[in-house]
Each structure stands twice: as structure tokens, then as C-alpha cells.
Amino acid sequence: MRGLWGRVWQRRTPLVVLMAVVGIAGAVLATRDSGGGHLAANRAQLRKACDGTLPYGDLERLVRDERPGELRQHGTMLAPGQESRSLLDCSLSWGDGYGVTVHAEALVSDVPEAVETRDLLEPAGGRGTFVAPGTTGQYGKRGAWLVADCLGGLGGRVRPTTDLYVTARVTDGTDGGTDGGTDGGTDGTDGTDSADEATAANGKPDRATALLGFRTAVHVANALTKAQHCGSGPLTTPTAVVDTDETHGAPGQGLRKCEWIDGSSLPGVASGSWTTVGDLQESTGLSACAGEWDAEKNAGERPRPKQWQVTEVEAASWSGILGRSAYDSYEREGHVPGWGAEDDKRPSEAGSEADAGADARQEDRVSSYAGRPQLALWARSVCGGRTTYHRVAVLPEIRLDDGETAVIGGKDRARLSTAARTVLDRYLDADDGWPASAKCRDTKVLGEVEQWH
């Protein structure tokens, strides 16, 4: 029997070996051909998804092999005539937190982002975020967002508009992205709720992820403006992002565009060394600068500023829809001159200390609980061919203990008014400032706003 089984095994051995070899070869060939099952199909899907607007070269490395990609998309670019406020709303997910979500719309109302002066200088409530120099936008809760012009007009909306708003959020499996992507609803929502929750829970992304978000947003914007025949050139694809968080240094300090804020040459402010900071977007649509009397540098060199002496200044500009958005945001807080602000009740273009202080002879009170009391002055120009709003503010030295109240009299109020007008004039006339680079003209002063409470 042993001999019989030995002969049988010898006869079967070559067949078993042959089958094993064939099986291994087949598996290797199948792996090479299909990328493990779904890689090739998912890459092909990436090329065509979102109306072909995604940057394949940047996103290819994120494509997974384990499951088919899940694509959800709608918008008037995909289905002309569809009732949607979105030109494009698209989410593509490969599971395990790998995916991309983009949203684009033709804006007929305000930019859905915070763009007040402090939002530009201290993004994310002072926690910092990323910006891509040369791109008008920031990295926010929906990922990278930007605003772009379409001079030829964007289709798909009842009201004509020339303003494009794009967001892009890319997840690489490290920031809590969802497996199934996000569902863009037909009611016009951008379908980024899950992405928003993940970002809020985990904070801002790493630098590489932020850059990928900006590059994707720019690529989508350029594809859409080309398809819409906007007539404007493409946005420059960013190659780097800047972290605005002060704990990573002070990248916004000492910018050339903010050098006009100088305690030695700016009348009406505390003399001595000042520290300046500016936004880092390098945008043609907005800009912001701020300066502060530097207590540390002036210690032992300069006396402490007197009560009501200006120790901080701010200046910002917003063009086009950004101007309207900023103005509306301040208006909701009651911090704009108001309707009819250009009437004779407001300071004139020539402006004088007497005129500016005419309405300020009565005393006003400032509580210790007031947040950053200041006097703001608004103006409007035409910059780069677009209506542009400017806002400057002077913040005085106020020394109060908790529960105390300071009284500002008519003379101090008049001096602040004069200082605000001086700051506005210096800002608009600075050779290296944003208004000069934007060739602002036809400036009209709109009026002052007291923010004491």
C-alpha cells in the first residue's frame, strides 16, 4: 500500500505544483490589471467627477483601492435648468476618511464668510488658520474658500452676478473625514455638514492638507470661469500656504503695506515705537492693517500714553461683493454710519476738527465691560474699477478697573475725530499701501461710528 500511495502522490505532485503556479500568476496579473479591485475604476472616476473640474494630479494619491468611490453631485453646471443655488456641489469619497468635497455658487448676496477687519487680522477668533498668498480667501470650517471674479457674468441664477464663491475640503484619512462623503441636498445646501463637524472637532488641518484644499478650490474656480466664458484670466495655483497663528511666529508683522502706521510721523497718536500687523492674503479684493503702541519697546523710553490718547489704529478695505459683505456685517451690529450717511450731517471731505467735533460736545460714558471701545470712520472709493469700502478706527488708551466707567468729553472726542481723519488720509495716500496699489479714486467720506459700548 505504501508503494501504491507513493506512486499516486508522485503522479499528482506535478499537477498540484502547476495549479499553484497558475493561481499565483493569475493573482499577480489581476492585481496589476485592477489595482487590487477598485483602484483603476476609482482613478477613472476621479478624472470625470464634478464635471471634470478636480485636479487629478493633486488628488490621485488619495484614491483608495478597497471599495468603489462614492460620488454625489448636483448643480446647474451638471444639469442646466436645475433649480439650485449651486453651480456645482460635489462629494467624492473612497472610504476611511479619504475624499474631496467642493462647492461653487454664483453669489447674489453676501459672501458667507466673516470678513470684518479682525476676521482678516485674527482669523478663527485668534486661533489662526491658513491663507494662500495671492488667493482671496482663507481656510475655514468648509475647508479652503475663495472668491473670484467673472466679468462676463455667471449663468444659472435669476439675478445676474459676477462673483464666484468656491469651497474645497480634502481629507486624507487623518482628520476625521467620513467614509461616505457628504450629501449635497437639492435645496441648495452645500452638503458640508459632516465635514464642518469634523473640522470643528479636530481643529485646523496640517499645512499640506490646507494647501491641497486651496489648490483644489483654485482648480475648480478656473474650470468654472473658463466654462462660463468669464473673460478674466485664471487664478494662480498656490504653491504654499501661510499659518496665521501667532504661536508659529509673526508672519503678518512689519509688512510694507502697513509701514504708514508710525508713531513718529502719524499725528494724533501716541509717540514712540509701534508694532504693525497686516493680513497675508495679498489680495486685489481686500486688505487690512493694524498698529499698536508697543509697551515693551517703549518701556523706559517713552511715558505711558495719557487717557484717551490713541494707542491702536486699524484700516481695512473691501472691493466689490466683499465690500458689500463687510458693510452689511458691520451694519447688522449697528456699526455703520447708516442710510443717508453721505448727507451733510456727517463730516465733509475737507473735514476739520471743529466740524468733526460738532456732534461730540456732550459727554459720553465708556464702561469697563465694553469690548475694544473705538471711533471708526468709513469712506467709499472706486478701486480697480469696483466700488470699495474703507474703514479706519482709532482706539484710545482707557484705564479702568472692573465696574468703573470713564467719561469722554467733547475735547477728547474731537481729538479722536481728528485722529481718525488723519489715519484715513494717511492710509489712502501711502505709496506702499493697498489703496495706492489698487489705484483708488473718487473717495467720499461716509461718516463716523462711535463704538463705546
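**Entry 1: the model.** I am working from a predicted model.

Entry 2: Six strands make an open sheet, and the order reads 1-2-3-7-6-5. The pairing is antiparallel. I then checked the edges. Strand 1 (70-74) and strand 5 (137-140) are the edge strands, each pairing on one side only. On average, neighbouring strands of this sheet are turned by 15° against each other, direction ignored. A reminder to myself: strands of a sheet pair through backbone hydrogen bonds.

**Entry 3: strand 1 and its partner.** I followed strand 1 to strand 2 (residues 86-95). The two run antiparallel, joined by five bridges. Which residue of strand 2 stands opposite arginine 72? I found serine 91 there.

**Entry 4: helices on the sheet.** I traced helix 2 (residues 39-52) next. Helix 2 lies across strand 1, strand 2 and strand 3 (98-106). Its direction is about 165° to strand 2. Helix 6 (residues 207-227) lies across strands 2, 3, 5, 6 (143-154) and 7 (161-172). Helix 6 runs at about 145° to strand 7.

**Entry 5: the largest pocket.** I looked up how much space the largest pocket holds, and the value is about 560 Å³. Its lining counts 32 residues. Which of them are closest to the centre? I noted Arg118, Leu121, Glu122, Glu246 and Val277. Helix 4 (117-121), strand 9 (274-278) and strand 10 (286-293) each give two or more residues to the lining. I sorted the lining by class: 11 nonpolar, 12 polar and nine charged residues.

Technical notes. Residues numbered from 1 in each chain as written. Predicted model: local features only at pLDDT ≥ 70, side-chain atom pairs only at ≥ 80, totals over all residues. Heavy atoms only, no water. Pairing = 2+ DSSP bridges. Helix = DSSP H or I, 4+ residues; strand = E, 2+ residues; numbered from the N terminus. Axes fitted to C-alpha atoms, helices over the stretch in contact; angles between N-to-C directions. Contact = heavy atoms within 4.5 Å. 1 Å grid on protein atoms, 1.4 Å probe; cavity = no way out; pocket = protein on both sides within 12 Å on 5 of 7 lines; lining within 4 Å. Points joined across faces, edges and corners; volume = space filled by probe spheres on them. Nonpolar A, V, L, I, M, F, W, Y, C, P; charged D, E, K, R; others polar.
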